[in-house]
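Try each task before you read its solution.

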Number of protein chains: 2
Amino acid sequence: MLNFTVGPVMSDEEVLAIGGEQVPYFRTQEFSDIMLENESIMKELVNAPDSAKVVFITGSGTASMESVVMNVFTPHDRLLVIDGGSFGHRFTELCDIHHIPYTAIKPEQGHVVTPEMLQQYDSKGYTGLLVNIHETSTGVLYDARLLGEFCRRNNMLFVIDAISSFLADPIDMTSVGADVIITGSQKVLACAPGISIIVLGEKALERVWSNETKTMYLDLKSALKNAERGQTPFTPAVGILRQINARLRRIKQNGGAPAEIKRIRNQAEDFRHKIKDLPFEIVSESMSNALTPLHPTTASAHEIFLELKDNYGIWICPNGGELKDKVFRVGHFGSLTFADNDTLVAALKDLQDKGKI
Amino acid sequence: MLNFTVGPVMSDEEVLAIGGEQVPYFRTQEFSDIMLENESIMKELVNAPDSAKVVFITGSGTASMESVVMNVFTPHDRLLVIDGGSFGHRFTELCDIHHIPYTAIKPEQGHVVTPEMLQQYDSKGYTGLLVNIHETSTGVLYDARLLGEFCRRNNMLFVIDAISSFLADPIDMTSVGADVIITGSQKVLACAPGISIIVLGEKALERVWSNETKTMYLDLKSALKNAERGQTPFTPAVGILRQINARLRRIKQNGGAPAEIKRIRNQAEDFRHKIKDLPFEIVSESMSNALTPLHPTTASAHEIFLELKDNYGIWICPNGGELKDKVFRVGHFGSLTFADNDTLVAALKDLQDKGKI
């Protein structure tokens, strides 16, 4: 199957080979060395300050989102949450569960957060802002610089879930002033799903150390203590962490974040150029390089997903909920080539010829 | 490396091959079918009642332990916890974090819980009992039947963490009256680490549905709702779940739980026979087939671990904390053969010849 979803995506040969190897025992210096290198390259790729720390959680991106909400914030905070789609909305649900007061900023579907929308929240005593910088459900990339400036002038903690944006779009923890960046193994890192990653800056770390422990599995204190020697509190997904190591090393070797981002941008631009004649509308005013969100004007988005899966050996990414029939998404990361774009576009044109779109 | 740890362990060729394959997109009927089959075979292997449900958590065994503590119990409960080693102790820490009252029963290290030890807790208003049925840190297998009878006559919920005992020792959810059984992907299932599994009986399910939601990632309500159609609330470790599927099918085909348990028992007995002349004391009065806990009388346990790792290409399982120098453990699950036992015993005899043990 040719995989254009937004994760899990297709891995390269090197990552696949590691998946096929025996998983080593991990309470060893050998595994610690791998983990310390993972931390170091992750910091480089997001341009984290030296004082930042990296935690690898065995779990989905949501595990890391919840871990950050539980460890960095308390009911004494007052947060702003960018709620522009199902992933942004998840942050509001996490705040509800953990009794953390918040105000949701709700940009219209497909639209960004503007300076005007933020203005009314200046100097109102908010203590932090949570955003999925690329709202993966609708394909809207928010402006990290704008949000970062807002947080800086209001002395707020700035949490970026960059799960599908990391290495697809430029992100600079230091220059935007982010305190937390979250990502996962199965997006641009293109490894098997099962690991999510949290980069924590100094202000977030101070919060973690001073807050009460509310969970064992998602506790960042024990994760940070173990991470100092390259270990984890509990048996992690060792195999996936080894895959991540290979990918991080390779990305670094091939020119770092800028080169990887360029590769994905080219892949996205090639696809967007090739679909110009198809009856699809782009439904985002600010796209990430990670994916293209498309509204088919002549057919059900979900039907197209099923057709491609069942009759062409191609996965695109369906949506759930109210977007199920309206929007499908085409991912541009993982081991994809321009030729793969040709294959997908040919299949779509074939569906058009058959009157199905 | 030859791996005699207690996880991750060596996988068979079939499981490794899946690890080397591309991870498929999972919001599909094809993946749902795999998950529904995983649930069905898991229930068979523990002889769960028809009404039982199975949840697959992307996380370590501790994630499932915490999930059960958070979802099944509340501060209105009063629990008994068997605290005979570091894994049993973890249940007490989870109860502390989540404000669930408990009494710890502390058998001496290496010893089981006796009927006499339980007697004093009869008719005292306890509502549940938590046990790591095989205290993996010290290699003590508790008597599930004894604990189950105690719970039944006191109308208590009975939670068995069987992480390293499942498929190494007989376990029958129905006949011992267990309400919850927990295990993980990297023990006898011998897949990559990253998935833990919870089997929930009717009484536990009632608790889950009536209790307040305290977590998103470890919430069993949303996991159960999604599991009905073979899905998970968040992106799971899809690759490992596919490995689990292959293993479960193979175990079923090869004679089910009894055949797998017999294989591991034979492996354990062969090893225990072959080390009779070495200067090791067995430190458990009731061993699981899963592992042999050994106290070397003439050398540091941790030194032996390092010697075998660095000079013989063999991992045995070290201990942490106060047992670090006193006890090492030799696991008997994963793709091990009698010839592998010979290799390990020969290495140990070589260390003896060199005066190192």
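A salt bridge here is a side-chain nitrogen of Lys or Arg within 4 Å of a carboxyl oxygen of Asp or Glu. Before you start: this is a predicted model, where local features need pLDDT of at least 70, side-chain atom pairs count only at pLDDT 80 or more, and totals for chains, interfaces and linings use all residues. Residues are numbered from 1 along each chain as its sequence is written, chains are lettered from A and ligands numbered from 1 in the order in which they are written, and side-chain values use heavy atoms, with hydrogens and water left out.

**Exercise 1. Describe how chain B meets chain A.**

Step 1: start with contacts, meaning heavy atoms within 4.5 Å. On that basis, 53 residues of chain B touch 53 residues of chain A.

Step 2: get the buried area, which is the accessible area (1.4 Å probe) that two parts lose on being put together, summed over both. For chain B and chain A the value is about 3900 Å², with 65% coming from carbon and sulfur atoms. On the chain B side, B:Gln22, B:Tyr25 and B:Met216 lose the most area to chain A, and together they make up 18% of what that side buries.

Step 3: look for charge pairs. There are two salt bridges between chain B and chain A. One of them links A:Lys309 to B:Glu30, with the closest N and O atoms 3.0 Å apart.

Step 4: ask which helix of chain B gives the most residues to the side that touches chain A. Helices are DSSP runs (H or I, at least four residues) and strands are E runs of at least two, numbered from the N terminus. The elements of chain B giving two or more residues to that side are α1 (13–19), α3 (61–72), α4 (86–97), α10 (238–253) and α12 (301–312). The most come from α4(B), with four residues.

Step 5: sort the residues by class. Ala, Val, Leu, Ile, Met, Phe, Trp, Tyr, Cys and Pro count as nonpolar, Asp, Glu, Lys and Arg as charged, and the others, Gly among them, as polar. The chain B side that touches chain A then comes out at 26 nonpolar, 18 polar and nine charged residues.

**Exercise 2. Work out how α12(B) and α13(B) are packed.**

Step 1: find the angle and distance. Axes are lines fitted to C-alpha atoms, for helices over the stretch in contact, and angles run from 0 to 180 degrees between N-to-C directions. Helix α12(B) packs against helix α13 (residues 338–353) of chain B at about 110 degrees, with the axes 11 Å apart.

Step 2: classify the angle. Under 35 degrees is roughly parallel, over 145 roughly antiparallel, 65 to 115 roughly perpendicular, and the rest oblique. So α12(B) and α13(B) are roughly perpendicular to each other.

Step 3: list who touches whom. From α12(B) come B:Ile304, B:Glu307, B:Leu308 and B:Tyr312, while α13(B) supplies B:Leu344, B:Ala347, B:Leu348, B:Asp350 and B:Leu351. By class, that contact has seven nonpolar, no polar and two charged residues.

**Exercise 3. Find which parts of chain A the pair A:Glu37 and A:Arg249 ties together.**

Step 1: check the pair. Over all chains, the structure has 30 salt bridges. The side chains of A:Glu37 and A:Arg249 form a salt bridge, at 3.0 Å from N to O.

Step 2: place each residue. A:Glu37 sits in helix α2 (residues 29–45) of chain A and A:Arg249 in helix α10 (residues 238–253) of chain A, so the pair ties together parts that are 212 residues apart in sequence.

**Exercise 4. Locate the cis peptide bond that joins A:Gly7 and A:Pro8.**

Step 1: read omega, which is about -10 degrees for this bond.

Step 2: A:Pro8 is in the loop between β1 (2–3) and α1 (13–19) of chain A.
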